[in-house]
Amino acid sequence: RFEYIESHMNDIIPYQDLSFEQQQNVDMDSLAKGVLKRGLRSGNVIDPIFPFMYLLITDGSESMASSPISTLYHKEGERTARQLYSAKNILTDIQFDRVDWENFDRTTKTEFLPNMRAWYAKHIWKCNGSMSRLNLIDPIKYPCPSCPCCSCPIEDKDHIILCPDEGRTKLYKDGVTKLDVWL
């Protein structure tokens with residue numbers, strides 16, 4: 001199981017004050033930089049084209065003829081997305097297989113700005129910055145899950161869109177108008 005560790009914390013916190021995990025991260029960064037620098041000085045490095053070369057790889061049941069690194073990233077991303085959509089009860093495995101992910105990806109990249117894509121993904125996965133979510137993540141920093149605009153007791157992903165606050169209602173209507181024009 002992996003755990004997120006903020007990197008480069010030694011830029012703002014003395015090494016001795018870092019947690020064990022943060023110290024390990026700093027140590028591994030330092031070792032990796034040392035190996036890379038030695039390799040560059042000596043010319044003893046893996047050919048940078050190797051991971052991007054096209055190869056035919058098979059596991060006996062499936063074959064792929066492409067760059068191993070991009071295919072591995074794609075397969076791992078698909079596996080992770082499938083688990084996430086299933087765990088969040090968004091898509092079943094059968095529904096997941098029916099989505100035209102290639103065109104979905106192409107459409108979102110050409111039609112949405114990066115911040116809109118990020119917001120959309122977080123909204124669908126129910127992990128956006130709503131107060132109820134922030135309260136779950138850090139109850140000390142966010143002690144109250146209520147909406148800061150209208151004081152609704154629980155600000156969740158649905159409330160963000162449906163909040164009766166005048167400013168949020170205007171943002172919503174402006175967004176719908178822009179979407180309508182775009183369609």
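Colleague: By class, how many nonpolar residues does the lining of the largest pocket have?
Modeller: A quick note first: this is a predicted model. Sorting the lining of the largest pocket by class gives 3 charged and 4 polar residues. The nonpolar class in that lining has a count of 13.

Colleague: How much space lies in the largest pocket?
Modeller: Rolling a probe the size of a water molecule over the atoms shows where empty space is left. For the largest pocket, the space found comes to about 900 Å³.

Colleague: Which residues that line the largest pocket are the closest to its centre?
Modeller: The lining of the largest pocket is made of 20 residues. Those closest to the centre of the pocket are M116, W119, L171, G175 and V176.

Colleague: Which element gives the most to the lining of the largest pocket?
Modeller: Start with the elements that supply two or more residues of this lining: α4 (101–111), α5, α7 (157–162) and α8 (166–182). With 8 residues, the one that gives the most is α8.

Colleague: Which helix gives the most to the nonpolar patch?
Modeller: The patch on the surface is formed by F104, L113, M116, W119 and Y120, which together have about 460 Å² of accessible area. With 3 residues, the most comes from helix α5.

Colleague: How much space lies in the second largest pocket, and which residues are the closest to its centre?
Modeller: About 680 Å³ of space lies in the second largest pocket. Its lining is made of 19 residues, and the closest to the centre are A81, Y85, W101, F104 and D105.

Colleague: Where does the largest share of the lining of the second largest pocket come from?
Modeller: At least two residues of this lining are supplied by each of α2 (68–87), α4 and α5. By class, the lining has 12 nonpolar, 3 polar and 4 charged residues. The largest share, 6 residues, comes from α2.

Colleague: What separates E78 and R82 in helix α2?
Modeller: Side chains of opposite charge can pair when their charged atoms come close. E78 forms a salt bridge with R82, with the closest N and O atoms 3.6 Å apart. Because E78 and R82 are 4 residues apart in helix α2, their separation is about one helical turn.

Colleague: How many residues apart are R82 and D97?
Modeller: The side chains of R82 and D97 also meet in a salt bridge, at 2.6 Å from N to O. This pair links distant parts of the chain, as R82 is in helix α2 and D97 in helix α3 (residues 93–98), and their separation in residues is 15.

Colleague: Are R168 and E155 buried or exposed?
Modeller: R168 and E155 meet in a salt bridge through their side chains, at 2.6 Å from N to O. R168 is in helix α8 and E155 is in the loop between α6 (131–137) and α7, 13 residues apart. Both residues are buried.

Colleague: Which residues do salt bridges that share partners join into one network?
Modeller: The structure holds 9 salt bridges. Those that share partners form one network out of E78, R82, D93 and D97.

How values were computed: Residues are numbered from 1 along each chain as its sequence is written. This is a predicted model: local features need pLDDT of at least 70, side-chain atom pairs count only at pLDDT 80 or more; totals for chains, interfaces and linings use all residues. Side-chain values use heavy atoms; hydrogens and water are left out. Patches are made of residues with over 30% relative accessible area and no salt bridge: like charges are joined within 9 Å, nonpolar side chains (Val, Leu, Ile, Met, Phe, Trp, Tyr) within 5 Å. Accessible areas come from the Shrake-Rupley method with a 1.4 Å probe; for residues, only the protein chains shown count as cover. A salt bridge is a side-chain nitrogen of Lys or Arg within 4 Å of a carboxyl oxygen of Asp or Glu. On a 1 Å grid over the protein atoms alone, a cavity is a set of points where a 1.4 Å probe fits but cannot get out, and a pocket is an open set with protein on both sides within 12 Å along at least five of seven lines; lining residues have an atom within 4 Å of a point. Grid points are joined across faces, edges and corners, and a volume is the space filled by probe spheres set on the points. Ala, Val, Leu, Ile, Met, Phe, Trp, Tyr, Cys and Pro count as nonpolar, Asp, Glu, Lys and Arg as charged, and the others, Gly among them, as polar. Buried means under 20% relative accessible area, exposed over 50%, partly exposed in between (1.4 Å probe, protein chains only).
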